[in-house]
Amino acid sequence: MNVQLNKQPADNLAQALRTFNESTIKLQQAYDVLQLKFGALNRKLEETNRELSSKVIEISEIKEYLNSILQSVTNGVIAVNLNDEITAFNKAAEQITHLNREEVIGRPFSEVFETDFGADFKGASEAAPRGTPCISCNMQVRGNYPFPVRESASLTRDGSGKVTGAVKVFEDLTELRELEEQARRQDRLAALGQMAATVAHEIRNPLGGIEGFASLLARDFDEGDPRSKLVTKIQEGARSLNRVVNELLMFTRPMKLDFRKVDVANLVEGTLGFLSEEIKKSGIDVSKKLGSAGLKVLCDGEQLKRALFNIVLNAVQAMPHGGSLTIGCRKKSLSREARQMLGHTRNGRWLELSIKDSGPGIEENEIPRIFNPFYTTKEKGTGLGLAIAAKIIEAHRGQVTAHNSPRGGAVFVISLPFEGQ
Ligand SMILES: Nc1ncnc2c1ncn2[C@@H]1O[C@H](COP(=O)(O)OP(=O)(O)OP(=O)(O)O)[C@@H](O)[C@H]1O
Ligand SMILES: [Mg+2]
């Protein structure tokens, strides 16, 4: 009985130990499986992490790539969101509008520009057309002059087609319009020139007679004779008429140029030298920004000096009570269209000489007329100075344009083909 009683617990214990051992083995197996699964999961996680970070790098590379495309296109690009706030403004937009990206990003388009965006996206439905056609119009930064552009605007949408804002792509047409104006001017000048040549010819002969007879008369009068004063007046009048006739003939005759390499600084110094008296008398401050030293241009130095003289003389005359005269020089590249229009297939490099004064400027709607012969607003002007300057510059296959500076005063820009370094 006793033996029986003792055997029972021992069996139970053995059974319990077996069960325990079995459970431990099962647990160990389950643990091993779990560890295997965990390892696999860990590897998967690492892989996903790697993929994710390479995706992030890829996305930031794509973003950078798209941004560099946006920055390097030669057309201006401006994007706005649905609140009309500017969200993108590329480099070309900065150059065309003279605004900095930092100062416009986040500001409403209508606060920065006088002109409309050109895309009606407010409340635009998903079915709204994607963009407006390319049109020529004006663009205007608030507080500045408008300038001609060719532009098109489109709505921007997210992946589901919902309108998120609009983007405008535009191209500056200022240079092209100026060239068109120059072509029109040349047509007008050709007709005027022919007429002027005939008139000059007709005046020249009788004028020679008047001058000759006046000097004969002068010899007949004593010094104190009051009539000799009248003769002097006739002689003065004939001389001034002679100057006009000579200028007219110089304007109408075909121009022969003697091309040489001329130092730009010498050209400017020589011109200012002729006018040093007037500049000093009016108390004008002259500043020269001639860029790299020793810049040389292939031209007829004497003729170009004459053109520069006429333009600088006007600037000096526009500031009788003092002011500032700035003469600048820089190298620049013309746009492809501008080159085509000028018939230049060369390297497209130009030398730009600018003459800026702080006078009253030119009346805006008179600007197209100032290069016409005989256009003058001066009591004693003949109106031939700019016509001659333009003719000389055009004979160099260059161009001259005029505009008012936003800060006041007139700016004349002479562009000449430039082959040097
Ligand atoms: N820097 C300037 N600022 C303001 N107006 C100017 C300037 N340059 C030219 N103009 C305007 O253009 C007109 C034409 O100039 P242009 O040199 O051809 O003739 P002019 O100076 O009147 O006479 P001239 O034959 O004696 O030169 C001027 O009368 C003037 O109204
Ligand atoms: Mg003049």
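Student: Which residue in β2 is the bridge partner of I78?

Tutor: Good place to start, and keep in mind that this is a predicted model. Strand β1 covers residues 76–81, and β1 pairs with β2 in the antiparallel sense over 3 bridges. Within β2, the bridge partner of I78 is F89.

Student: What are the edge strands of the open sheet with mixed pairing?

Tutor: Let's read along its order, β7-β9-β10-β12-β11, which holds 5 strands. Neighbouring strands here are turned by 15 degrees against each other on average, with direction ignored. An edge strand pairs on one side only, and that describes β7 (284–289) and β11 (399–404).

Student: Are helices α7 and α9 parallel or oblique to each other?

Tutor: Two packed helices are described by the angle between their axes and the distance between the axes. For α7 (residues 264–274) and α9, the axes come within 9 Å and cross at roughly 55 degrees. Angles under 35 degrees would count as roughly parallel, and 65 to 115 as roughly perpendicular. The two helices are therefore oblique.

Student: Which residues in α7 meet α9?

Tutor: First picture the crossing, in which α7 passes α9 in a right-handed way. The residues of this contact divide into 6 nonpolar, 3 polar and 1 charged. On the α9 side are G301, L304, K305, L308, F309 and V312, and meeting them from α7 are L267, G270, T271 and F274.

Student: Which helices each supply at least two residues of the shell around ligand 1?

Tutor: There are 20 residues around ligand 1, and N314, T376, G381, G385 and L386 come nearest. By class, the shell has 9 nonpolar, 9 polar and 2 charged residues. The helices that each supply at least two of the shell residues are α9 (301–317) and α11 (385–395).

Definitions and conventions
Residues are numbered from 1 along each chain as its sequence is written. Chains are lettered from A and ligands numbered from 1 in the order in which they are written. This is a predicted model: local features need pLDDT of at least 70, side-chain atom pairs count only at pLDDT 80 or more; totals for chains, interfaces and linings use all residues. A residue is near a molecule or strand if its C-beta atom, placed from the backbone, lies within 6 Å of it. Helices (H or I, at least four residues) and strands (E, at least two) are DSSP runs, numbered from the N terminus. Ala, Val, Leu, Ile, Met, Phe, Trp, Tyr, Cys and Pro count as nonpolar, Asp, Glu, Lys and Arg as charged, and the others, Gly among them, as polar. Axes are lines fitted to C-alpha atoms, for helices over the stretch in contact, and angles run from 0 to 180 degrees between N-to-C directions. Angles under 35 degrees count as roughly parallel, over 145 as roughly antiparallel, 65 to 115 as roughly perpendicular and the rest as oblique. A crossing is left-handed if the near helix is turned anticlockwise from the far one by less than a right angle, and right-handed if clockwise. Two residues are in contact if their C-beta atoms, placed from the backbone, lie within 7 Å. Two strands pair if DSSP finds at least two bridges between them.
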